[in-house]
Amino acid sequence: MTALIPRRVRGLASLAEALLTPHGMDRYLELVDPMLVRREIRGLVTAVRKQTPDSVTLTVRPSRAWPGFTAGQYVRLQVEIDGVRRTRCYSPCGSQYDGELEFTVKEQGLVSGHLNRSIGVGSVVNLSTPDGGFTLPATRPDRVLLISGGSGVTPVLAMARTLVDEGHPGEIVFLHYSNGPADALYRTELAELAARHPGLRVVQAYTHSKGGDLTGFFSAEHVEPRFRDAETFVCGPKPLMDAVRAELGERVHTEEFTPPALTFDTADAEGRVRFRRSGRECANSGKPLLEQAEEAGLAPEHGCRMGICFSCTQLKTAGRVRNARTGEVSGEEDEEIQLCISVPVGDVEIDA
């Protein structure tokens with residue numbers, strides 16, 4: 001008899017969902033508690049702390065729809081700013097076995113600035129399912145070299161914490177670059193992690209200060225000869241990733257996106273593009289709106305320029321646009337679009 005109860009509960013939930021259309025049950029559950037929704041993933045901020053003056057570390061308890069993640073992946077985190085939903089990608093930096101998520105965000109850009117200044121304990125954010133292929137292989141290598149720079153520490157820290165939780169029997173070297181000790185994210189936590197796991201060695205490299213284990217930018221001398229053929233995972237500024245790849249070769253794995261092949265019809269473009277808040281206006285060139293905005297003298301926030309990170313999301317108040325990745329044309333008013341992959345189809349107005 002008890003085995004039938006879950007089926008009955010599911011049946012009642014489905015019946016309630018049908019009766020509550022067109023909005024569905026989630027819209028009503030949200031009024032009671034945003035964390036009760038079933039079809040969207042939400043996160044409740046349970047702790048906020050400052051590691052450095054220009055960063056914030058958030059501990060987030062995901063709702064029951066969260067499927068879990070693999071160390072190294074990223075999540076699209078969405079918040080509402082001035083009545084508009086804004087999205088940005090961040091990598092959880094805790095172990096993939098933790099029940100809560102941890103994000104460390106440098107204060108740069110609209111969403112990151114909002115998270116640093118306006119999010120507190122009790123805030124609720126929207127989360128996507130995890131994505132990305134920057135992950136450890138299922139069969140863990142005997143030797144692992146983790147290299148990070150600045151806020152790029154987050155995905156490789158998740159890898160280190162995951163390997164420690166697994167009791168990884170091999171060797172792990174974690175080489176982190178920062179300007180100096182005041183900017184070194186997770187300096188204390190990494191030292192504690194190394195104390196817990198005898199196979200982990202942490203190396204702090206300071207590029208603009210003395211007192212670290214190493215000084216200066218990445219070079220061949222920063223890697224022990226026996227680790228030159230280790231599986232290497234690196235995340236950080238592009239010059240760091242390029243230098244590591246050039247020095248260590250094919251065993252280097254980086255968190256980078258492959259741009260999709262996009263085509264734009266500039267010959268038959270027509271209409272005008274108006275950027276409402278700035279008052280700028282230009283003839284539609286047929287290029288993505290991000291490029292047209294920059295050519296008009298604007299500097300919208302952006303990241304990947306290929307429709308992945310959602311940093312360039314803006315509100316389209318009028319007109320139609322074509323998604324350069326999917327070919328889909330959308331004409332809804334007051335619609336959020338990604339400037340880097342949205343091409344105007346005739347007259348368009350953007351709230352920028």
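Trainee: Asp-82 lies in the loop between strand E3 (75–81) and E4. In this predicted model, does Asp-82 count as buried or exposed?

Mentor: Residues are called exposed when their relative accessible area is over 50%. Asp-82 has a relative accessibility of 78%. Because that value lies above the cut-off, Asp-82 counts as exposed.

Trainee: Where does Asp-334 lie, and what is its relative accessible area?

Mentor: Asp-334 is placed in the loop between strand E16 (329–330) and strand E17 (335–338). Its phi is also positive in a residue other than glycine, near 50°. Asp-334 is exposed, and its relative accessible area is 53%.

Trainee: How many helices and strands does the protein chain have, and what percentage of its residues are buried?

Mentor: The secondary structure of the chain consists of seven helices and 18 strands. The chain has 352 residues. The buried share of these residues is 47%.

Trainee: What percentage of contacts with a separation of 6 or more join residues 24 or more positions apart?

Mentor: The count in question covers contacts in the protein chain with a separation of 6 or more. Among these, the share that joins residues 24 or more positions apart is 61%.

Trainee: Which element gives the most to the largest nonpolar core?

Mentor: This core has 24 residues, and Leu-146, Met-159, Phe-174 and Phe-233 have the most contacts inside it. Strand E7 (143–149), helix H4 (153–165), strand E8 (171–178), helix H5 (187–196), strand E9 (200–206) and strand E11 (231–235) each contribute at least two residues. With eight residues, the element that gives the most is H4.

Trainee: How far does H4 reach from its first C-alpha to its last?

Mentor: H4 has 13 residues, and at 1.5 Å a residue the expected reach is 18 Å. The reach in the model is close to this expectation, at 18 Å.

Trainee: How many residues of H4 are buried, and against which elements do they pack?

Mentor: H4 is mostly covered, with twelve of its 13 residues buried. These include Val-153, Leu-157, Arg-161 and Val-164. The elements against which the buried residues pack are strand E5 (101–106), E7, E8, H5, E9 and E11.

Trainee: Why is Val-156 called buried?

Mentor: Val-156 is found in helix H4 and touches Phe-134, Leu-146, Ile-147, Ser-148, Phe-174 and Phe-233, leaving out residues up to four places away in sequence. Val-156 and Gly-72 are 84 residues apart in sequence, whereas their C-alpha atoms are 6.2 Å apart in space. Buried means under 20% relative accessible area. Val-156 is therefore called buried, because its relative accessible area is 0%.

Trainee: What is the relative accessibility of Pro-169?

Mentor: H4 is followed by Gly-167, which has a positive phi near 65°. Pro-169 lies in the loop between H4 and E8. Pro-169 and Pro-141 are 28 residues apart in sequence and 9.7 Å apart in space, C-alpha to C-alpha. Pro-169 counts as exposed, with a relative accessibility of 79%.

Trainee: Is Ser-178 buried or exposed?

Mentor: Ser-178 has its place in strand E8. Beyond its neighbours within four places in sequence, Ser-178 is in contact with Asp-183, Ala-184, Ala-205, Tyr-206 and Thr-207. Because its relative accessible area is 5%, under the 20% cut-off, Ser-178 is buried.

Trainee: Which element gives the most to the lining of the largest pocket?

Mentor: The largest pocket holds about 910 Å³ of space. Of its 30 lining residues, Arg-88, Cys-89, Ser-151, Cys-235 and Glu-255 lie nearest its centre. Strand E4 (84–90), E5, H4 and helix H6 (238–248) each supply at least two lining residues. With four residues, the element that gives the most is E5.

Trainee: How many nonpolar, polar and charged residues does this lining of the largest pocket have?

Mentor: The lining comprises 30 residues in total. By class, the numbers are 13 nonpolar, twelve polar and five charged.

Notes: Residues are numbered from 1 along each chain as its sequence is written. This is a predicted model: local features need pLDDT of at least 70, side-chain atom pairs count only at pLDDT 80 or more; totals for chains, interfaces and linings use all residues. Side-chain values use heavy atoms; hydrogens and water are left out. A nonpolar core is a set of buried Ala, Val, Leu, Ile, Met, Phe, Trp, Tyr and Cys residues joined through side-chain atoms within 4.5 Å. Buried means under 20% relative accessible area, exposed over 50%, partly exposed in between (1.4 Å probe, protein chains only). The expected span of a helix is 1.5 Å times one less than its number of residues. Contact means heavy atoms within 4.5 Å. On a 1 Å grid over the protein atoms alone, a cavity is a set of points where a 1.4 Å probe fits but cannot get out, and a pocket is an open set with protein on both sides within 12 Å along at least five of seven lines; lining residues have an atom within 4 Å of a point. Grid points are joined across faces, edges and corners, and a volume is the space filled by probe spheres set on the points. Ala, Val, Leu, Ile, Met, Phe, Trp, Tyr, Cys and Pro count as nonpolar, Asp, Glu, Lys and Arg as charged, and the others, Gly among them, as polar.
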